[in-house]
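Trainee: I have a new model open on my screen and would like to talk it through. Could we go over it together, one question at a time?

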Amino acid sequence: MKADLERIKLQHPSMDDLEGVIQFMIECDTAEFGEADTDADDVADQWRETDLSTDAWIARDGESRLIGYALLSGESNNRRYIDLYTHATRSPEGMVAVLLDRLVERFNEHALAGDSTDGCLLTAYANGFNKSQCAAYDAHGFEIEKYHYRMQMDFDSEQPAQDWPRGVTLSPYTEADERALFDLIIETFDWLGVPPFPFDVWQKQIFRGGRFDPEMFLMLKQDGALSGAALCYNEGFRLWLKELAISKRLQGTGLGSKLLKQVFYEAQKRGVPSVALGVVSQNPKACAFYEHAGMARTREFVQYKKLAG
């Protein structure tokens, strides 16, 4: 395997490599999870926001096949994020370590140049069942920060539309809802000691790429005031539930469960066979809520962090 590493060609990509890298990421997803999990529009946006000549790398073998990809994001909310892909069977042993060497080195360069705020964290995610990848993060001085679970519901029966109490309505998102939606998210979620995203960062994350469809952003209003929301992306083979929020004053009334079941209905109505979402291990009440609704844990991801130096 060492000889395989010696034959690799590591270089910075250009926009001409985008299509091939997206295909490689999809192949990595499929080899590891049995299905694609990469959104091409998100990757394209990320590349446009990144200096590819310094903060992204692709690795090719002796036959010019892609065997590795890594990107270091710009800073957002005192963090820089890693995207790192290697193929379960095609990439040589040690490929993760080679890419991490470059990522950590570049992260430290940003810190020394004053391009990062004090205390900026290098943040990465790894499949919890990929022991070799987790070992590489450990060897590079990363610490485990938390775990994330993929919750999923695969439909095997009809999902009914929900009836709503008097004064409660459900409608698609409009631009007039934008600020109230952000305020609802900030008020509803337990941020677990982490500063919430500022408005502009949240806005870019929610509306970036080509996945946004106002019909799939469900706004729940009580007496005309925004009191709940389910933000979904239709990925064709799956509906991804980005955020589900119910105002704290209405939590415990059953509206959260009804809104989640409405999401199931909306997915099935569009011919989408499953709904999935992510939840952090530090929020056991949320895990229990989704499991009670019939969703199951299908994946586990480890979130790592590292300071410069």
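Mentor: Happy to, and keep in mind that this is a predicted model.

Trainee: What is the phi of D223?

Mentor: Most residues other than glycine have a negative phi. D223 is not a glycine, yet its phi is positive, near 50°.

Trainee: Which loop holds S64, and is S64 buried or partly exposed?

Mentor: S64 is another non-glycine residue with a positive phi, about 70°. Its loop is the one between β2 and β3. Since its relative accessible area is 49%, S64 is partly exposed.

Trainee: How many bridges join β6 and β12?

Mentor: Strand β6 covers residues 143-154 and pairs with β12 in the antiparallel sense. Along this pairing, I144 has Y304 as its bridge partner in β12, and M151 has R297. The number of bridges is nine.

Trainee: And which residue of β11 is the bridge partner of Q152?

Mentor: β6 also pairs with strand β11 (residues 274-280), again in the antiparallel sense, over seven bridges. The partner of Q152 in β11 is A276.

Trainee: In β12, what is the bridge partner of L121?

Mentor: Here we look at β5 and β12, an antiparallel pair with seven bridges. The residue of β12 that bridges to L121 is L307.

Trainee: Now two helices: how are α7 and α8 oriented to each other?

Mentor: Helix α7 (residues 178-188) and helix α8 (residues 199-207) have axes 11 Å apart and pack at about 105°. An angle of 65 to 115 degrees falls in one class, and α7 and α8 are therefore roughly perpendicular.

Trainee: How many nonpolar residues does the contact of α7 with α8 have?

Mentor: From α7 come E178, R179, L181, F182 and I185, and from α8 come F199, W202, Q203 and F207. By class, two of these residues are charged, one is polar and the nonpolar ones number six.

Trainee: Which residues of α8 are buried?

Mentor: The cover over the buried part of α8 includes α7, β8, β9 and β10 (239-246). Residues under 20% relative accessible area count as buried. In α8 these are V201, W202, I206 and F207.

Trainee: How far apart in space are A229 and L218?

Mentor: A229 lies in strand β9 (residues 225-234) and is buried, at 1% relative accessibility. Beyond its neighbours within four places in sequence, its contacts include L181, L184, L218 and L259. A229 and L218 are 11 residues apart in sequence, and their C-alpha to C-alpha distance is 5.5 Å.

Trainee: One last point, on the cysteines: how many disulfides does the count give?

Mentor: A disulfide needs two cysteine sulfur atoms within 2.5 Å. For C28, the closest cysteine sulfur is in C134, 16 Å away, which is too far for a bond. C28 is also buried, at 3% relative accessibility, as is C120, at 4%. The count of disulfides is zero.

Key:
Residues are numbered from 1 along each chain as its sequence is written. This is a predicted model: local features need pLDDT of at least 70, side-chain atom pairs count only at pLDDT 80 or more; totals for chains, interfaces and linings use all residues. Side-chain values use heavy atoms; hydrogens and water are left out. Buried means under 20% relative accessible area, exposed over 50%, partly exposed in between (1.4 Å probe, protein chains only). Axes are lines fitted to C-alpha atoms, for helices over the stretch in contact, and angles run from 0 to 180 degrees between N-to-C directions. Helices (H or I, at least four residues) and strands (E, at least two) are DSSP runs, numbered from the N terminus. Angles under 35 degrees count as roughly parallel, over 145 as roughly antiparallel, 65 to 115 as roughly perpendicular and the rest as oblique. Contact means heavy atoms within 4.5 Å. Ala, Val, Leu, Ile, Met, Phe, Trp, Tyr, Cys and Pro count as nonpolar, Asp, Glu, Lys and Arg as charged, and the others, Gly among them, as polar. Two strands pair if DSSP finds at least two bridges between them.
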